[in-house]
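Student: Could you take me through one part of this protein up close? I'd like to look at the nonpolar patch on its surface.

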Amino acid sequence: MSVATAQNTPAEDSSAPTTHRELTKAELTKAKKKQARQLKKEAKKSGADHSVGSNSIGWVAVRYFLMLMVLCLVLLPVYVLIITSFKNGAEVSPVTAWALPDTWDTTNWVHAWEALKGGLLRSLMLVIPSSIISAILGSMNGFVLSRWRFPGANIVFTLILFGMFIPYQAVMIPLMKIIVGAGNILGVSPFGIPALIVMHVVYGIPICTLIFRNYYESVPNELIEAAKVDGAGMIRTYRSVVLPLSVTSFVVVIIWQFTQAWNDFLFALFFGGSSQSGPVTLALNELAHGSVMADYGGSMAGALIASAPTLIVYIFLGKYFISGMMSGSVKG
């Protein structure tokens, strides 16, 4: 009995490693199959990502191509404007509109500068005070309407915003009567740069109020409450706390008002007086002889000179304009 048992024991011991080796091979085979499937999935995913990347590169190329086409369409009139300003009268014709001038003559620029330099100075006298006054009044209105919840505040704000949607042409006749009557009472001329300053300040208040109110709505209430705890009233809070935070909004409003007042022609035509007392748009209209435009080269040079100040403002302050508009659109 013991011998049989002794004989069977080695057999059982020798079979155990064999079974263990068979299980190990099966597990290895299973692991290899799993790894192969994983590699296949990764290869497929890599191919899909490569395809997506190719599609993304293709869409980027299409977008840049479309942007380039739009840029060319926008710059084509500028190109014609520039080359025509250097042409003499004999070279200006619809046939040669796209051709470069045979000789680059600066006579048109000299003539346009002599005709517009007085108007440029008067336009600066118009846009600087009107932009600053509109910005200050709009800032005050925006702060009051955003922080002082008096009865009817929303109605007052809505009525102010109505001024943005009233066409200038609809109020030109009653506005003329008011300005002329005020001039007669005060004993001053109702036409010229002072009258235009009043016009642009009044019409600039709605948009300035809207921009500042939206910006002041995003100012944390903790700052206002801290100022109240320190004993500051509304005026002190506005001057010491809110006003220093409003630099970007002031840049936005001043750029907006500067552009609107500089490019205005309708108010200038009615209230600017003559080209000798009005802004540069009246002088440019006289240089072009109205709708006749006999001097094409001089008119093109004058248009470039008249548009240079607004272009310079946007080149140097454009990024502040965009950031200020975004900061003012957080709440509202």
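Tutor: A quick word on terms before we start: helices here are DSSP runs of H or I, at least four residues long, numbered from the N terminus. Keep in mind too that this is a predicted model. With that in hand, L124 lies in helix α2, which spans residues 107-147. L124 has 35% relative accessibility, so it counts as partly exposed; that label covers what falls between buried, under 20%, and exposed, over 50%. L124 is one of the residues in a nonpolar surface patch of about 600 Å². Helix α2 is the main contributor, giving the patch seven residues.

Now set that against the whole protein. The chain has eleven helices and zero strands. Its accessible surface comes to about 20,800 Å², and carbon and sulfur atoms hold 70% of that. Of the 332 residues, 31% count as buried.

What about the inside? In soluble globular proteins, nonpolar side chains tend to be buried together. Here the largest nonpolar core has 44 residues, and Y216, F267 and F271 touch the most other members. Helix α2 turns up again, among the elements that give two or more residues to this core. The largest share, though, is the twelve residues from α5. As for F271, its contacts beyond four places away in sequence include M172, L175, F191 and M199.

Definitions and conventions:
Residues are numbered from 1 along each chain as its sequence is written. This is a predicted model: local features need pLDDT of at least 70, side-chain atom pairs count only at pLDDT 80 or more; totals for chains, interfaces and linings use all residues. Side-chain values use heavy atoms; hydrogens and water are left out. Patches are made of residues with over 30% relative accessible area and no salt bridge: like charges are joined within 9 Å, nonpolar side chains (Val, Leu, Ile, Met, Phe, Trp, Tyr) within 5 Å. Accessible areas come from the Shrake-Rupley method with a 1.4 Å probe; for residues, only the protein chains shown count as cover. A salt bridge is a side-chain nitrogen of Lys or Arg within 4 Å of a carboxyl oxygen of Asp or Glu. Buried means under 20% relative accessible area, exposed over 50%, partly exposed in between (1.4 Å probe, protein chains only). A nonpolar core is a set of buried Ala, Val, Leu, Ile, Met, Phe, Trp, Tyr and Cys residues joined through side-chain atoms within 4.5 Å. Contact means heavy atoms within 4.5 Å.
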